[in-house]
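This report looks at one helix and at some charged side-chain pairs. Please keep the sequence and the structure in view while reading.

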Amino acid sequence: MSRFVAWVALLGAVGFALAALGGCAGHGVGSDGGPLPPEIVTASDEPEGRRRARIRLELATGYFDQGQTTVALDELKQALTADPTFADAFNLRGLIYMRLNEPRLAEDSFRRAAALNPRDANIAHNHGWLLCQQARYADADAQFATALGSAVYGGQAKTWMARGLCQLNAARPDDAERSLAKAYEFDPGNPVVAYNLANLLYKRGVYDRAQFYLRRLNNSELANAETLWLGVRVDRRLGSRDTAQQLANQLTRRFPQSPEAAALERGAFNE
């Protein structure tokens with residue numbers, strides 16, 4: 001996997017969302033004698049154990065975001081002691097164990113989370129990314145499909161991206177192109193999506209489309225040595241020598257010690 005996407009597991013391909021209070025309280029009887037719809041659950045309906053667990057989970061999430069992984073795990077243990085049926089806590093525990101390189105414990109956590117809340121698309125997404133890291137591509141794809149099948153899921157962009165990257169690793173370029181193009185529709189400013197889609201198209205000889213995805217990226221502050229080098233090669237293939245030279249100048253000026261700058265100096269455009 002490219003250096004450019006090595007951080008994807010922590011910046012978008014995995015996701016975590018605290019579940020809002022939701023669900024239903026009891027049914028009542030209306031003035032007409034018929035049943036009323038269930039009342040909306042509010043904070044006053046939250047059991048004491050869940051309230052304590054939620055507070056611990058919020059603390060754990062903060063520590064996790066700050067990179068204090070073991071402290072976050074300790075907070076989660078206390079959350080699950082307060083409420084062992086809290087799916088969000090198991091979901092975050094899975095992410096923590098992924099960061100600690102404990103895949104078996106991470107998978108156990110995601111399975112527990114899904115058993116408690118099978119409709120949570122974030123859990124399916126995270127489980128899918130874990131399975132992808134283990135090269136269990138078919139199982140990963142099934143989890144991504146589950147996440148994307150949720151009508152209320154707000155993380156479509158990250159899951160299409162993760163699915164596409166996983167399909168690339170599984171040597172399924174046609175599926176990867178479709179998934180990454182879908183991710184681009186949802187989030188055209190995502191540099192990981194733009195680079196990987198352009199790189200895939202370059203390898204397939206579709207240079208004009210590769211150029212389309214690279215231009216916006218290379219004209220932004222998110223451009224790096226890999227994106228500029230790919231842009232140089234794409235523009236050379238299209239005969240856009242002036243544009244290719246401009247990108248080459250940026251590459252040597254901004255990233256003179258990079259492997260891509262060394263490849264440029266060697267003239268290794270076809271490597």
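Buried means under 20% relative accessible area, exposed means over 50%, and partly exposed lies in between (1.4 Å probe, protein chains only). Helices are DSSP runs of H or I with at least four residues, numbered from the N terminus. The model is predicted: local features need pLDDT of at least 70, side-chain atom pairs count only at pLDDT 80 or more, and totals for chains, interfaces and linings use all residues. Residues are numbered from 1 along each chain as its sequence is written, and side-chain values use heavy atoms, without hydrogens and water.

**Helix 10**

In helix 10, the buried residues are A210, Q211, Y213, L214, L217 and N218. These buried residues pack against helix 8 (173-186), helix 9 (191-203), helix 11 (225-237) and helix 12 (241-254), where contact means heavy atoms within 4.5 Å.

**Salt bridges**

A salt bridge is a side-chain nitrogen of Lys or Arg within 4 Å of a carboxyl oxygen of Asp or Glu. The structure holds 17 salt bridges, including these:

| Pair | Closest N and O atoms |
|---|---|
| E48 and R51 | 2.8 Å |
| R136 and E107 | 2.8 Å |

E48 and R51 both lie in helix 1 (residues 48-65), 3 residues apart, about one turn of the helix. E48 is partly exposed at 42% relative accessible area, and R51 is partly exposed at 33%.

D175 and R178 are both in helix 8, also 3 residues apart. D175 is partly exposed at 23% relative accessibility, whereas R178 is exposed at 54%.

Note on methods. Helices (H or I, at least four residues) and strands (E, at least two) are DSSP runs, numbered from the N terminus.
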